[in-house]
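Try each task before you read its solution.

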Amino acid sequence: MSKAAIAEKEKLVNAFAEELKSAKAILVINYLGLTVEEVTNMRKELRDNDVKMKVIKNTYLRRAAAKAGIEGLDNTFVGPTAVIYTDNADDITEPARIVSKYEDDFDVIEIKGGMLEGKLTSKDEIKELASIPGREGLLSMLVSVLQAPIRDFAYAVKAVAESKDEESAE
């Protein structure tokens with residue numbers, strides 16, 4: 001192998017290692033069996049939600065993970081592998097939600113494992129995380145909970161006012 005080819009591969013590994021260092025959520029999946037259209041749709045949905053997907057040789061993945069200081073994912077870098085990751089600290093659940101949806105829709109996708117905020121995560125934990133609503137969903141739930149007492153008070157005041165109107169009309 002020429003020195004230029006080795007240098008090019010080293011540059012690729014270093015660039016990916018930098019991306020992994022800043023990642024808040026990393027998922028490793030087996031996507032073999034999806035059609036080109038299905039992969040394209042999944043990539044588009046990921047991209048629309050500020051999530052990236054890379055398919056790189058497992059050897060390069062191991063090297064990039066080692067350079068990024070990520071330990072424990074080597075056993076997931078076996079067979080057809082795609083790495084899905086985000087550096088968006090506001091919603092680290094988004095990659096898990098999208099991949100879990102595709103895993104449910106297409107039997108061929110398999111979540112191998114991952115890492116959330118520097119901690120190894122199992123497939124079961126990722127599936128559990130996927131069931132949590134996103135940031136927007138959680139904020140709307142909070143607003144609803146905060147509005148409930150005010151709404152109930154308004155209904156009570158309205159009911160009292162209506163009963164007073166009925167009494168005065170009699």
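**Exercise 1.** State how helix 4 and helix 5 are oriented to each other.

Solution. Step 1: in this predicted model, the axes of helix 4 (residues 94–105) and helix 5 (residues 123–130) come within 8 Å. Helices are DSSP runs of H or I, at least four residues, numbered from the N terminus. Axes are lines fitted to C-alpha atoms over the stretch in contact. Step 2: the axes cross at roughly 105°, on a scale from 0 to 180 degrees between N-to-C directions. Step 3: angles of 65 to 115 degrees count as roughly perpendicular. The two helices are therefore roughly perpendicular to each other.

Residues are numbered from 1 along each chain as its sequence is written. Local features need pLDDT of at least 70, side-chain atom pairs count only at pLDDT 80 or more, totals for chains, interfaces and linings use all residues, and side-chain values use heavy atoms, without hydrogens and water.

**Exercise 2.** Find which salt bridges link E103, D104, K123 and K127.

Solution. Step 1: look for a side-chain nitrogen of Lys or Arg within 4 Å of a carboxyl oxygen of Asp or Glu. Step 2: E103 pairs with K123, closest N and O atoms 3.4 Å apart. Step 3: D104 pairs with K127 at 2.9 Å, N to O. D104 lies in helix 4 and K127 in helix 5, so this pair ties together parts 23 residues apart in sequence. Step 4: the four residues are linked in a network of salt bridges.

**Exercise 3.** Is E103 buried or exposed?

Solution. Buried means under 20% relative accessible area, exposed over 50%, partly exposed in between (1.4 Å probe, protein chains only). E103 has 9%, so E103 is buried.

Conventions:
Angles under 35 degrees count as roughly parallel, over 145 as roughly antiparallel, 65 to 115 as roughly perpendicular and the rest as oblique.
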